[in-house]
Amino acid sequence: MLLLPALAWAQASASLDQLQLSRAEDGLRLAYSVRLELPRAAEDALHKGVPLYFVAEARVARKRWYWRDATLGRAERQWRLSYQALTRQYRLSTGGLHQSYETLAEALTALRRASAWAIELREEPDPGATYLLSFSLRLDTRQLPAPLQIGLGSEAEWGVRSERPVHPAELGLAS
């Protein structure tokens, strides 16, 4: 049985280097760059055949004082990172796309950044409203085998979260 202590997961480092939003014809485009390093225990589990799942979420919301913020646009991506012992390659899968990499560093590089992630708009932005961009990239501990979740709690304190105001020009509004 393979058990990972919670402290081993907490040693992972993740920080946000870049978060940029821009307007496109069909909605919004998000570019991000995250500095992300896996802890040793996660690498060991990966090499023993345990796939790791990652989730990136982005949300643009209109601030409201009287109720919850209204979502202008939302997007989510999920990745599955696995190690193929027979070929000694790392496989990163998202949706129907599967890509193989020679090293773990190459696989994590593909996960660490995106340049034109599409976010569809539910409504047109209001020039007089205030908007917030929320972004998170995290390891999805709910998809780990049950023995690995012991001591991790409901959600590990591992990943990166950011929330910042959106400039009107990013939504295609006059500044």
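**Salt bridges in a predicted model**

Arg 74 and Glu 76 form a salt bridge, with their closest N and O atoms 3.5 Å apart. A salt bridge is defined here as a side-chain nitrogen of Lys or Arg within 4 Å of a carboxyl oxygen of Asp or Glu. The structure is a predicted model, in which local features need pLDDT of at least 70 and side-chain atom pairs count only at pLDDT 80 or more, while totals for chains, interfaces and linings use all residues. Residues are numbered from 1 along each chain as its sequence is written, and side-chain values use heavy atoms, with hydrogens and water left out.

**Salt bridges and their network**

- Twelve salt bridges are found when the whole structure is searched.
- Side chains of opposite charge can pair when their charged atoms come close.
- Asp 140 and Arg 142 are joined through their side chains by a salt bridge of 3.2 Å, N to O.
- Another salt bridge connects the side chains of Asp 26 and Arg 29, at 3.1 Å from N to O.
- A network of salt bridges links Glu 57, Arg 74, Glu 76, Arg 138, Asp 140 and Arg 142.

**Exposure of the paired residues**

- Asp 140 is buried, at 2% relative accessible area, where buried means under 20%, exposed over 50% and partly exposed in between (1.4 Å probe, protein chains only).
- Its partner Arg 142 counts as exposed, with 54% relative accessibility.
- Arg 74 is partly exposed, at 42% relative accessible area, and Glu 76 is also partly exposed, at 37%.
- Arg 29 has a relative accessible area of 22% and is therefore partly exposed.
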